[in-house]
Amino acid sequence: MRLHSLTATAFGPFAETVTVDFDALTGAGLFLLSGATGAGKTSILDAVAFALYGAVPGDRNDAKRLRSDHAPAGLSPEVTLELTISARRLRIRRSPAWQRPKRRGNGVTVQQASVVIHEFIDGRWTPRTTRLDEAGHLVSDLLGMNLHQFCQVALLPQGRFQALLRSGSEERQRLLQRLFRTERFADIERWLAQQRRATRRSADEAREQQLVLAHQLGEATRSEPPTERTPHEEWAAELSEWASATTVEAHRAVRRARRGVRASAAALEAATSAHAGQQRLEALQNAFNDAHTLLRQIADFGSAADDDRVRLARARSA
């Protein structure tokens, strides 16, 4: 945050309009607010806090008397602050609630608090908001602090920085996180914690899968895998070495089995061919036997026919 200028009218001890050019004061890089008690040093800080948050630190805000008692009756109290926050140049004009004389008749009427915020964009002042709540959210979001935290860290009025030092660790942590915008680091920390848990789950699942595969490989190769132990890295290395050796031996056994399968296939093919030859030979032998039997039957029929022809000739001759 960098202050550029401050203008206060009828505010605190300032009966008229006073202006502070912070750009001129900060030309040397450092300046000092100095003066006797009651000169208005704290009021300058009050005006800065009021422009930002619409309130002043400590008991002075509880008094609800921000308007100067010495100002002319009809002069409206007002504070205008021009500053740069997070590379955004803003002009904030605030007026506290005060009792102004009635325009007609006697007595006073309450003039409500108001705020107008402009932002310098593309060479001109652009209105941002006139609502008190939106103005408060805008300033708090840009600064990362509420009024109490701003007074503890930035203004340091009347040595009250000690209140921050005496506060609890959680309160200091929340304040410093908002002050230095460390939410991204907290998000990174949470993300890393989630990744650690996810990685641990994945590692456990991978270890369980290792055990299952090791037992399956052991059953298939009839060998015993190394027993799980700690540290896990040494066991994993031993398991990997055992799996590699077992896999190499399994490949050798597969090659031997393949050679046996090829030899068995060749023997089967030869036996099948021989069996087919035997079947053909048997069929030929059966056919030969059938033909030989038929031939004997034909011979027998021929002898009977000769006898019949002799008897026929004799019968004809007779």
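1. Threonine 9 has glutamate 78 in β3 as its bridge partner.

2. The model is predicted: local features need pLDDT of at least 70, side-chain atom pairs count only at pLDDT 80 or more, and totals for chains, interfaces and linings use all residues. Residues are numbered from 1 along each chain as its sequence is written, and side-chain values use heavy atoms, with hydrogens and water left out.

3. The order β2-β1-β3-β4-β7-β8 describes an open sheet of six strands with antiparallel pairing. Each of β2 (14-21) and β8 (124-129) has a single partner strand, so one side of each edge strand lacks a neighbour in the sheet. Strands here are DSSP runs (E, at least two residues) and helices are runs of H or I (at least four), numbered from the N terminus.

4. Helix α2 (residues 41-53) packs on the sheet and touches β1, β2, β3 and β4 (88-95), contact meaning heavy atoms within 4.5 Å. The direction of helix α2 makes about 100° with that of β1; axes are lines fitted to C-alpha atoms, for helices over the stretch in contact, and angles run from 0 to 180 degrees between N-to-C directions.

5. Phenylalanine 185 lies in helix α8 (residues 183-221). Phenylalanine 185 counts as partly exposed because its relative accessibility is 46%, between the limits for buried (under 20%) and exposed (over 50%), with a 1.4 Å probe and protein chains only.

Key. Two strands pair if DSSP finds at least two bridges between them.
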